[in-house]
Amino acid sequence: MKFQGSKNYVATQDLMLAVNASATLRKPLLVKGEPGTGKTMLAEEVADALGLPLLQWHIKSTTKAQQGLYEYDAVSRLRDSQLSSVEGGDKVRDIHNYIVKGVLWQAFTSEQPVALLIDEIDKADIEFPNDLLREIDRMEFYVYETRELIRARHRPLVFITSNNEKELPDAFLRRCFFHYIKFPDADTMKQIVDVHFPGLKKELLAAAMKTFYEVRNLPGLKKKPSTSELLDWLKLLVAEDIPLDALQSRDDKIAVPPLIGALLKNEQDVTLFEKLVFMQRHNR
């Protein structure tokens, strides 16, 4: 099966090559890029295009690798053992009733091939990737409580996303195929917008794109607006029926656009942008 893009996701040629290369090598695809560039959506669209069920594991700062395999609920077993009568202790005696299967276990034992998303792996503790090395490499793990070895029936198509909050270990990187999603150029961005807003007027799109890239290219921004924020902004412009002239400055200088809060997400960046507008209006 080859991924050749989807009608809901604009995939560049190098991105499609990366997806297919990881499948050929039978290695996880590690996807990095700015927040809002479609890393999570990539896994969803590839799974949909290839007809694979998608299992998702969204990582938090408190997530442990063991949770992806399984968890043994010893507390529930102890409680049930205290509450159960002599005749009603069958559940307590079977330890399998207290094993909670994680996402990796579900992916490994699925009767059909699946896609597996491990989302934002860099949020977890630095040891998290190392703790998954053997399982991702060999596609198996051991359950000590039940003394059984869980092997993957089918090797899942694994997507791992990272926002570069932490460096990942070299040993982990060696087991992945890597791709960095570059921020879309203007032509690619127009294709992305067209997927979400197929009927958008060309004049409005041109003015909005010009303003967006002016804001994004402002030196010193703490957080540059992303693709998803551009789409949110366009949605608001259409919903609020913002007139075209509100996005166009008469003297070709930068102006504060309407609904700027959809693009800039902290007070330092808003202040910086307002200062630039003020300086241009007064010729420094």
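1. The lining of the largest pocket is made up of eleven nonpolar, ten polar and four charged residues, where Ala, Val, Leu, Ile, Met, Phe, Trp, Tyr, Cys and Pro count as nonpolar, Asp, Glu, Lys and Arg as charged, and the others, Gly among them, as polar. A pocket here is an open set of points on a 1 Å grid over the protein atoms alone, where a 1.4 Å probe fits and protein lies on both sides within 12 Å along at least five of seven lines, and a lining residue has an atom within 4 Å of a point.

2. This is a predicted model, in which local features need pLDDT of at least 70 and side-chain atom pairs count only at pLDDT 80 or more, while totals for chains, interfaces and linings use all residues. Residues are numbered from 1 along each chain as its sequence is written, and side-chain values use heavy atoms, with hydrogens and water left out.

3. The volume of the largest pocket is about 440 Å³, a volume being the space filled by probe spheres set on the grid points, which are joined across faces, edges and corners. It is lined by 25 residues, and those nearest its centre are Tyr9, Val10, Thr37, Pro184 and Ile192. At least two lining residues come from each of α1 (13–25), β9 (177–181), α10 and α12; helices (H or I, at least four residues) and strands (E, at least two) are DSSP runs numbered from the N terminus.

4. The second largest pocket holds about 340 Å³ of space. Its lining has 20 residues, of which Met1, Ala23, Arg155, Pro156 and Leu157 are the closest to its centre. Both α1 and β8 (157–162) supply at least two residues of this lining, and α1 gives the most, with four residues. By class, the lining of the second largest pocket has 14 nonpolar, three polar and three charged residues.

5. Turning to helix packing, helix α10 (residues 186–196) and helix α12 (residues 227–239) meet at an angle of about 50 degrees, with their axes 11 Å apart. Because of this angle, α10 is oblique to α12, since angles under 35 degrees count as roughly parallel, over 145 as roughly antiparallel, 65 to 115 as roughly perpendicular and the rest as oblique. The axes are lines fitted to C-alpha atoms, for helices over the stretch in contact, and angles run from 0 to 180 degrees between N-to-C directions. Met189, Ile192, Val193 and His196 of α10 make the contact with Thr227, Leu230, Leu231 and Leu234 of α12, contact meaning heavy atoms within 4.5 Å. This contact has six nonpolar, two polar and no charged residues.

6. Helix α10 also packs with helix α11 (residues 202–216), their axes coming within 12 Å and crossing at roughly 125 degrees, which means that α10 is oblique to α11. Ala186, Met189, Lys190 and Val193 of α10 are in contact with Leu205, Met209, Phe212 and Tyr213 of α11. The classes in this contact are seven nonpolar, no polar and one charged.

7. Between α11 and α12 the packing angle is about 140 degrees and the axes are 11 Å apart, so these two helices are oblique to each other. The contact joins Ala208, Met209, Thr211 and Phe212 of α11 to Leu230, Trp233, Leu234 and Leu237 of α12, with seven nonpolar, one polar and no charged residues.
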